[in-house]
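Open the model in your viewer and keep the selection tool at hand. The stops below say what to select next and what is there.

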Amino acid sequence: MRLRYVVPALVFAVLAAVFALYLHQVGSGGKNIAEVPSVFIERAAPPLALPPIEGMTGGLASADLGGRAVLVNVFASWCPPCRAEHPLLMRLAREGVLVYGINVKDKPADAKAFLAELGNPFARIGADRQGRAAIDWGVYGYPETFVVDRDSRIRYRHVGAITERDLETVIRPLLARLAR
Amino acid sequence: MIRVLAVVLLALAGAVPAGALEPGERLADPALEARAREIGKTLRCLVCQNQSIDDSDADLARDLRAVVRERLSAGETDRQVVAYVRDRYGDFVLLKPPFQPSTYALWAAPVVLFGLAALTVVVVLRRRRGAADVARLSAEEEARLARLLDDGRR
């Protein structure tokens, strides 16, 4: 007969524990449950063959990846968060981190004005006028930032603007590990 | 009046919900377009997350609708087209979760929970019937009850 009290109490306790754990995880600075994990983590970066932004040199192709860890940033002049994270990319580039850009669905003039105003942290930029390279990389929010290792494998993907905190807690430690 | 009503009803009958699809996106071949619509309904727009790419106005949804149509026009099967998108965006892009080891629990949960509920109901009903047997009065008690009732009536 005691079962009648024990079972509901047990069910309640288990549910409460699950909810508490979940709330704890999604708390401030915790994981973002709306973020969709990239299918390419630990897999080869999807092929790229992008021309440079019209009137610039460079372009971005698969052959440019590999040999050394690199940050690949998917950006556009029409994307406000891209503007917000730009100073961090500039800082990384100054520190010697290799940063590549994929410029998505941008008019060449707008992209060039964006870089002229905020600075150009990118060693190479590929222009993805149709947004198809972005789809090949599974991009769904702008900006997105990928860490690609020396074997051209994607090791990390960040959706949305990177913040100081992401930089210090995730991206920098990962780059340091990959440089070893 | 009836004629007006008939016209209105006919117009409504012909109105197919068009989702977020713009007229320019449509394929000329109605059979291919119908397949594209069916595929579009099964793919999640990752920007809005609870809308299909067929329903969503997001840029990404429009691009994916175009990709679906291009690949169908190139002669791919529905399965190939869905696989193309899934290879890039993962299982989450499918609005209906696939049946695979990582989702067994998800698919089994309703059956298991329903089973548990049914079992609980059966057990409770059984017990209640048992309890009723116990509560029945003994012959002695019946006699005493009859006496008390008689007393009350006098």
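**Stop 1: a residue in chain B**

Select B:Leu43 and show its surroundings: leaving out residues up to four places away in sequence, B:Leu43 touches B:Gln51, B:Ser52, B:Ile53, B:Val68, B:Val82, B:Val85, B:Val93, B:Leu94 and B:Leu95. Contact here means heavy atoms within 4.5 Å.

Two notes on reading the model. This is a predicted model, in which local features need pLDDT of at least 70 and side-chain atom pairs count only at pLDDT 80 or more, while totals for chains, interfaces and linings use all residues. Residues are numbered from 1 along each chain as its sequence is written, chains are lettered from A and ligands numbered from 1 in the order in which they are written, and side-chain values use heavy atoms, with hydrogens and water left out.

**Stop 2: the cores**

Together with B:Leu43, they have the most contacts inside the largest nonpolar core, which has 26 residues. A nonpolar core is a set of buried Ala, Val, Leu, Ile, Met, Phe, Trp, Tyr and Cys residues joined through side-chain atoms within 4.5 Å. Buried means under 20% relative accessible area, exposed over 50%, and partly exposed in between (1.4 Å probe, protein chains only).

Now colour three helices of chain B: α2 (30–42), α3 (59–73) and α4 (78–89) each supply at least two residues of this core. The largest share, six residues, comes from α3(B). Helices (H or I, at least four residues) and strands (E, at least two) are DSSP runs, numbered from the N terminus.

Apart from this core lies another, of 25 residues, among them A:Cys82, A:Leu89, A:Ala111 and A:Leu175.

**Stop 3: the whole of chain B**

Show chain B as a cartoon. Chain B has six helices and zero strands. Of its 154 residues, 27% are buried.

**Stop 4: cysteines**

Where is the disulfide? Select A:Cys79 and A:Cys82: they form one, with their sulfur atoms 2.1 Å apart. A disulfide is a pair of cysteine sulfur atoms within 2.5 Å. A search of the whole structure finds one over all chains. The link of A:Cys79 and A:Cys82 is right-handed, with 90° about the S-S bond. A:Cys79 is buried, at 2% relative accessible area, and A:Cys82 is also buried, at 2%.

Move to B:Cys45, which is in no disulfide. B:Cys45 is buried, with a relative accessible area of 1%, whereas B:Cys48 is partly exposed, at 32%.

**Stop 5: two strands of chain A**

Select residues 124–128 of chain A, strand β6. Four of its five residues are buried, so β6(A) is largely enclosed by the rest of the structure. Two strands pair if DSSP finds at least two bridges between them. A:Val104 stands opposite A:Asp128 in β6(A).

**Stop 6: between the chains**

Show both chains. Here 18 residues of chain B are in contact with 15 residues of chain A. The area buried between them is about 1300 Å², and carbon and sulfur atoms give 54% of it. Buried area is the accessible area (1.4 Å probe) that two parts lose on being put together, summed over both. Finish by selecting B:Asp63, B:Arg88 and B:Tyr89, which supply 38% of the area that chain B buries against chain A, more than any other three residues.
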